[in-house]
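This report is meant for a reader meeting the structure for the first time. Please view the sequence and the model together before reading on.

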Amino acid sequence: MRTLARSDFEVAPAGWTSDANPAPSAWALVTSESHTPPQSYFAPGPGSKKTDNLNSPVYAIPANATSIRLRFWHKFNTEIYDGCVLEVSPGGEANWLQIGGAGSGASFVKGGYGTTTIAGKTGPAKNYAELVGKSAWTGNSGTAFSEVVIALETAVYAGSTLRVRWRLSTDNSNASGGWWVDTVGVYALSPSPGTLLLLK
């Protein structure tokens, strides 16, 4: 497998952004936890309704790429009412789709969601997490980082682009530990030399 793009977040990487509803975003590089030291991206789980997005750069995928994979390492600690959701945007546009969703061209190979829904807390629906009802990572994943691998369909991504976002969705309840994301990479089996796009 060739590396098309990778960031260990050893330094602040180019092209990464974050946004939240409501603003501001809390995603930041931290040294407290990481898979590849010294840093990872982290967002805490606030005790309020919020959706906080970490957005990757646009990744260019060579036209002759096959067996395309997105891989990253993460750990999370949320309430059962909160959730961590991954989305992709084929073509690099702001058309965000869940993994496995129609048109996403993406499916989990390893480390997929552990729950089928984000449970809403008791109370008015307006207090529920924005992404209630979505498949997600929820609860406490433990002390160690674990790997997630996503297969990207050649017909959708080869010769095109990919953008990825990590979404932490919380409800109007108790604060929780949050979500750590590290060692993000895009790989393929057969892009020719000279077409590699490496993140700094």
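The model is predicted, so local features need pLDDT of at least 70 and side-chain atom pairs count only at pLDDT 80 or more, while totals for chains, interfaces and linings use all residues. Residues are numbered from 1 along each chain as its sequence is written, and side-chain values use heavy atoms, with hydrogens and water left out.

## The nonpolar core

In soluble globular proteins, nonpolar side chains tend to be buried together. Here the largest nonpolar core has 40 residues, and Leu86 and Trp166 have the most contacts inside it. Such a core is a set of buried Ala, Val, Leu, Ile, Met, Phe, Trp, Tyr and Cys residues joined through side-chain atoms within 4.5 Å. Buried means under 20% relative accessible area, exposed means over 50%, and partly exposed lies in between, with a 1.4 Å probe and protein chains only. At least two core residues come from each of strand 1 (2-7), strand 4, strand 7 (68-77), strand 8 (83-90), strand 11 (146-152), strand 12 (161-170) and strand 13 (176-188). Strand 13 gives the largest share, five residues. Strands are DSSP runs of E with at least two residues, numbered from the N terminus.

Leucine 86 has contacts (heavy atoms within 4.5 Å) with residues including Leu70, Phe72, Trp137, Ile150, Val164 and Trp166, where residues up to four places away in sequence are not counted.

Which residues point each way from strand 8? Gly83, Val85, Glu87 and Ser89 point one way, Cys84, Leu86, Val88 and Pro90 point the other way, and all are buried. Strand 8 is thus mostly covered, with eight of its eight residues buried.

Strand 8 pairs with strand 12 in the antiparallel sense over eight bridges; two strands pair if DSSP finds at least two bridges between them. In this pairing, proline 90 has leucine 162 of strand 12 as its bridge partner. Strand 8 is also joined to strand 9 (residues 97-98) by two bridges, and these strands run antiparallel. There, valine 88 stands opposite leucine 97. The hairpin of strand 8 and strand 9 has six residues between the strands, and glycine 91 in this hairpin takes a positive phi near 85 degrees.

## Aromatic rings

The whole structure holds twelve aromatic pairs. Rings of Phe, Tyr and Trp (its six-membered ring) pair if their centres lie within 6.5 Å; planes under 30 degrees apart count as stacked, over 60 as edge-to-face and the rest as tilted. Phenylalanine 9 and tyrosine 41 form an edge-to-face pair, at 4.9 Å centre to centre with 80 degrees between the planes. Phenylalanine 9 lies in the loop between strand 1 and strand 2 (17-21) and tyrosine 41 in strand 4, so this pair ties together parts that are 32 residues apart in sequence. Phenylalanine 9 and tyrosine 41 are both buried. Ring pairs also link a cluster whose members include Phe9, Trp16, Trp27, Tyr41 and Trp166.

## Polar residues

Asparagine 53 is found in strand 5 (residues 50-55) and, at 4% relative accessibility, counts as buried. The side chains of asparagine 53 and arginine 167 are joined by a polar contact of 2.7 Å. A polar contact is a pair of N or O atoms within 3.5 Å; within protein, one must be able to donate a hydrogen and the other to accept it, and residues adjacent in sequence count only if both atoms are side-chain atoms. Serine 7, in strand 1, has a side chain that reaches the backbone nitrogen of phenylalanine 9 at 3.3 Å.

## Backbone exceptions

Most residues other than glycine have a negative phi, and most peptide bonds are trans. The table gives exceptions found in this model.

| Site | Feature | Value |
|---|---|---|
| Asparagine 21 and proline 22 | cis peptide bond | omega about 0 degrees |
| Alanine 23 to proline 24 | cis peptide bond | omega near 5 degrees |
| Serine 67 | positive phi | near 50 degrees |
| Threonine 183 | positive phi | about 50 degrees |

Proline 22 lies in the loop between strand 2 and strand 3, and proline 24 lies in the loop between strand 2 and strand 3. Serine 67 is partly exposed at 32% relative accessibility, whereas threonine 183 is buried, with a relative accessible area of 4%.

Terms used. Helices (H or I, at least four residues) and strands (E, at least two) are DSSP runs, numbered from the N terminus.
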